[in-house]
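Here is my note on the model you sent. Please read the points with the structure open.

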Amino acid sequence: MKTSDVISLNAVDLNMDVQNKEEALSHLCKLLEKDGDVTSADLFKRDVYLRESEGRTGIGDGVAIPHGKSESVQKTCIAIGRCKNPIEWETIDGKPVRVIILFAVSRKDKNNHFIKLMSEVARILAHPSTAKKLANCSDSSELMAIFDT
Amino acid sequence: MKQSKFTIQNAEGLHSRPASDFCTEATKYGCKVTLTKEGDDNEYDGKSILMVMCLGACKGDEITIQTEGPDEEKALESLLNILKNV
């Protein structure tokens with residue numbers, strides 16, 4: 001499984017003009033709904049916030065990995081947003097976030113499949129150059145290349 | 001150095017929330033904390049949320065937690081408790 005195959009290209013926005021976490025998540029959830037990946041942006045967002053209430057999803061270096069395991073998800077996929085300006089987020093390093101990797105996980109994939117997907121993304125993010133590449137990539141093709149492993 | 005094996009019981013595996021709880025606990029101790037998984041040759045830093053997620057531990061996977069240094073015994077006991085309560 002290539003991580004790039006799971007990214008919903010129509011739910012990628014590298015130029016999000018958002019002021020805060022709520023706006024960022026709303027925007028990405030709506031992109032997923034528009035693309036048919038989730039049946040309801042509101043229901044999916046509710047499940048994302050359920051997970052947010054359990055603990056920090058900001059993993060440091062300006063990256064957050066919010067996720068929702070939801071009945072609303074038709075197909076497990078990833079939406080990616082990069083904010084024009086850093087936004088406040090609950091992070092392990094106390095720094096704001098620019099890159100949001102939002103996992104939409106269907107109920108049937110919530111166990112092993114999700115763990116393996118998260119593991120693959122973590123391996124890519126753990127590479128020293130990834131955070132910088134994510135901050136600087138200029139279009140979807142360059143973004144996909146980062147995750148194309 | 002202390003170590004212990006643990007088989008993941010949670011149906012959702014060692015996902016991001018328990019991984020975060022594990023790392024938060026691990027960073028309280030001065031010792032080194034390392035995770036390995038059967039079938040995987042790599043060692044993962046138990047104090048790094050990214051590394052713990054890289055482990056990709058699913059239900060039924062046997063992992064080994066290794067602690068080495070100050071408070072290694074106390075750390076191991078505490079971390080095993082975290083995993084048991086996932």
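1. Ile87(A) is buried, because 20 other C-beta atoms lie within 10 Å. The cut-offs: buried takes 20 or more other C-beta atoms within 10 Å of the residue's own, exposed 12 or fewer, partly exposed in between, with C-beta atoms placed from the backbone. Ile87(A) sits in strand β5 (residues 77-87) of chain A. Strands (E, at least two residues) and helices (H or I, at least four) are DSSP runs, numbered from the N terminus.

2. This is a predicted model: local features need pLDDT of at least 70, side-chain atom pairs count only at pLDDT 80 or more, and totals for chains, interfaces and linings use all residues. Residues are numbered from 1 along each chain as its sequence is written, while chains are lettered from A and ligands numbered from 1 in the order in which they are written.

3. What does Ile87(A) touch, leaving aside neighbours within four places in sequence? Its contacts are Val18(A), Gln19(A), Asn20(A), Lys21(A), Ala24(A), Pro96(A) and Val97(A). Contact means C-beta atoms, placed from the backbone, within 7 Å.

4. Helices α2 (residues 21-34) and α3 (residues 41-52) of chain A pack at about 130°, axes 9 Å apart. Axes are lines fitted to C-alpha atoms, for helices over the stretch in contact, and angles run from 0 to 180 degrees between N-to-C directions. α2(A) and α3(A) are therefore oblique to each other; oblique is what remains after under 35 degrees (roughly parallel), over 145 (roughly antiparallel) and 65 to 115 (roughly perpendicular).

5. The contact between chains takes 16 residues from chain B and 19 residues from chain A. On the chain B side, α2(B) gives the largest share, 6 residues.

Note on methods. Two residues are in contact if their C-beta atoms, placed from the backbone, lie within 7 Å.
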